[in-house]
Amino acid sequence: MKKILSTGLILGLLLGSMLILNSCNDSVKASEPNLKAISNSILETPKTATTSLSQEFKAYWYSGEAEITSFELEQARYGEIRKGTAVHIFVTEPFLAEKQVKANYSSADNIPVLKLNSTKKYLTGIYPYSIMSSSFYPVRGAGHALKISNSVQEWCGQVYTQLNNRDKFNILSHSYFEGEADQHLSLEKSVLEDELWNMIRIQPESLPTGNFKAIPSLEFLRLSHNEIKTYEANAEKQATNGLVTYTLNFPELDRSLEIVYQEAFPFQIEEWTDRIRSGYGSKAKSLSSHGKRIKSIKTPYWRKNSNKDVALRDILGLP
């Protein structure tokens, strides 16, 4: 009897582990959320919120694949332009509101989100930079992203910042720089630069325009060593020949961001230009970082992890 029970227990544990691993490696199709079960402090629904998902949207974003786009990158750093590559990985996932992580199992309480993992890689002289930002935005429209995170690794050290959308924006930041280490912040909710990329792909007409308050991207704030806070901002949109240019300005930071995307669904992002003052003191000067699309593919990348799948990087034009 003990042997039978032990065998059953082991099989149960193995089965449970397999289910968890499979759910981590595969994009789980999210069910429609039970909006009554989601805290209003997390999901505010403005007039511009999406009330239903089109068949076109479902066919593209719920096909069991992610969209991967590679970009040629020119990055301003230390007063010079660096050559590199950037990648945007967009994929739909079920999200847990309270734990603020991807859900392993289907549930009516899961929030379907469009996740963006954005990466940049470039060299500054002898040493490399590796940057990754993640943003999780509800596909049915909401006030703000549910979670934003950013990490920067280079030979001098690493920094990590995370924003969680709860009653307020709760921010945790770690850095190897004196004066920036181990910060715990709580900010009133405002527009997040990091969520704009998701909004373009879901519902670009909901992009904020005019004058408003916004929190710049976590990447910019950490690389520029500016205070993590809300800044005055303004934005406008212009459409020309099937493309829309969205321009976001931060006057206090002497910075502007232009994102160019296709006017028609699926609102593919073609390029961006980030104008900043790079460098320090008398050596500081205005420079522009630029990303230009190379190639986009749809693939379940989490299954493409064998040696033969490296060929997909050639298609994307990645080293």
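Predicted model: local features only at pLDDT ≥ 70, side-chain atom pairs only at ≥ 80, totals over all residues.
Q: Pockets, then. What volume does the largest pocket have?
A: About 620 Å³. A pocket here is an open set of points on a 1 Å grid over the protein atoms alone, where a 1.4 Å probe fits, with protein on both sides within 12 Å along at least five of seven lines. Points are joined across faces, edges and corners, and the volume is the space filled by probe spheres set on them.

Q: Which residues are closest to its centre?
A: Glu 219, Phe 220, Leu 223, Arg 255 and Asp 274. They belong to a lining of 33 residues. A lining residue has an atom within 4 Å of a point.

Q: Which strand gives the most to that lining?
A: Strand 15, with five residues. Strand 15 covers 269-278. Others that supply at least two residues each include strand 1 (66-77), helix 4 (218-224) and strand 14 (255-262). Strands (E, at least two residues) and helices (H or I, at least four) are DSSP runs, numbered from the N terminus.

Q: How does the lining split by class?
A: The largest pocket has 12 nonpolar, 12 polar and nine charged lining residues. Nonpolar means Ala, Val, Leu, Ile, Met, Phe, Trp, Tyr, Cys and Pro; charged means Asp, Glu, Lys and Arg; the others, Gly among them, are polar.

Q: And the second largest pocket, what is its volume and how many residues line it?
A: The volume is about 470 Å³, and 21 residues line the second largest pocket. Ile 68, Val 87, Arg 313, Leu 316 and Leu 318 lie nearest its centre. The classes are 12 nonpolar, five polar and four charged.

Q: Which strand gives the most there?
A: Strand 2, with four residues. Strand 2 spans 80-96. Strand 4, strand 16 (285-299) and helix 5 (311-316) each supply at least two as well.

Q: Strand 4 again. Is it mostly covered or uncovered?
A: Mostly covered, with 12 of its 14 residues buried. Buried means under 20% relative accessible area, exposed over 50%, and partly exposed in between, using a 1.4 Å probe and protein chains only.

Q: What does strand 4 pair with?
A: Strand 2 pairs with strand 4 in the antiparallel sense, over 12 bridges. Strand 5 is also antiparallel to strand 4, joined by 12 bridges. Two strands pair if DSSP finds at least two bridges between them.

Q: Where can I see that residue by residue?
A: Thr 92 stands opposite Leu 114 in strand 4. On the other pairing, Ser 118 has Ser 133 in strand 5 as its bridge partner. Strands 4 and 5 form a hairpin with two residues between them. Gly 125 sits in the turn, with a positive phi of about 65°.

Q: Which peptide bond is cis?
A: The one from Phe 265 to Pro 266, with omega near 10°. Pro 266 is in the loop between strand 14 and strand 15.

Q: Why does Phe 57 count as buried?
A: Because its relative accessible area is 4%. Beyond residues up to four places away in sequence, Phe 57 touches Tyr 62, Val 139, Arg 201, Ile 202 and Phe 265. Contact means heavy atoms within 4.5 Å.

Key. Residues numbered from 1 in each chain as written. Heavy atoms only, no water.
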